[in-house]
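Here's a quick briefing to read with the model open beside you. Have a look at the fold before going through the notes.

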Amino acid sequence: MADKKTLTFALMDAPFETARTTTALRLIDIAARRGYDINVFAYEGAVFVPFALQKQHSNPVHGHPEVEEEDHPLPREWVSALIDEVMKNGGKIDWVNCGLCVDERGAGESIEGVRRGAPGDFWAMATASDNTLVIATK
């Protein structure tokens, strides 16, 4: 497809903190379903979005004393599903966690398909893309 678009997204918010992360993942999903090539640069707390050690938990306050009853969503599963969706639709995805942010936060274990990078990767992604969306913190 000669007119295939490449989109770059920069994320900054940690999972579960604001709706900005969920909104970004929804936008990335739309691009994935359209077969676009996608770059994601996770910066600051967003390096925890694909964090491999996330675990579900129970929530007795909600009346769900068992983990299975709460069925708590995990962003790492959303990212994994996005990676699969991109591949299924003929696109490619490059999800990069800022290595400086990873080290500061101890978020060194990410799911398969996520790589460690540096702020320079974001610059390279943005300059090579048709469009870039930065979803900044407040």
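This is a predicted model: local features need pLDDT of at least 70, side-chain atom pairs count only at pLDDT 80 or more; totals for chains, interfaces and linings use all residues.

- In general, nonpolar side chains in soluble globular proteins tend to be buried together.

**Trp 95 and its contacts**

- Setting aside residues up to four places away in sequence, Trp 95 touches Leu 11, Leu 25, Val 40, Ala 42, Val 49, Pro 50, Val 79, Gly 113, Val 114 and Arg 115.

**Ile 93**

- Ile 93 sits in strand S3, and its relative accessible area is 17%, so it falls under the 20% cut-off and counts as buried.
- Beyond its neighbours within four places in sequence, Ile 93 contacts Ile 38, Val 40, Ile 83 and Val 86.
- Between the C-alpha atoms of Ile 93 and Ala 124 there are 14 Å, with the two residues 31 apart along the chain.

**Aromatic rings**

- Phe 41, Tyr 43 and Phe 122 make up one aromatic cluster.
- How are the rings of Phe 41 and Phe 122 arranged? Their centres are 5.7 Å apart and their planes meet at 35 degrees, so this pair is tilted.
- The Phe 41–Phe 122 pair ties together distant parts of the chain, 81 residues apart: Phe 41 is in strand S2 and Phe 122 in helix H5 (residues 119–128).
- Phe 41 is buried at 3% relative accessibility, whereas Phe 122 is partly exposed at 21%.

**The largest pocket**

- Lining the largest pocket are Thr 22, Leu 25, Arg 26, Asp 29, Arg 33, Trp 78, Ala 81, Leu 82 and Glu 85.
- Helix H1 (19–33) and helix H3 (75–88) are the elements that give two or more residues to this lining.
- Which element gives the most to the lining? That's H1, with five residues.
- Sorted by class, the lining has four nonpolar, four charged and one polar residue.
- Leu 25 in this lining is also one of the residues that Trp 95 touches.

Technical notes: Residues are numbered from 1 along each chain as its sequence is written. Side-chain values use heavy atoms; hydrogens and water are left out. On a 1 Å grid over the protein atoms alone, a cavity is a set of points where a 1.4 Å probe fits but cannot get out, and a pocket is an open set with protein on both sides within 12 Å along at least five of seven lines; lining residues have an atom within 4 Å of a point. Helices (H or I, at least four residues) and strands (E, at least two) are DSSP runs, numbered from the N terminus. Ala, Val, Leu, Ile, Met, Phe, Trp, Tyr, Cys and Pro count as nonpolar, Asp, Glu, Lys and Arg as charged, and the others, Gly among them, as polar. Contact means heavy atoms within 4.5 Å. Rings of Phe, Tyr and Trp (its six-membered ring) pair if their centres lie within 6.5 Å; planes under 30 degrees apart count as stacked, over 60 as edge-to-face and the rest as tilted. Buried means under 20% relative accessible area, exposed over 50%, partly exposed in between (1.4 Å probe, protein chains only).
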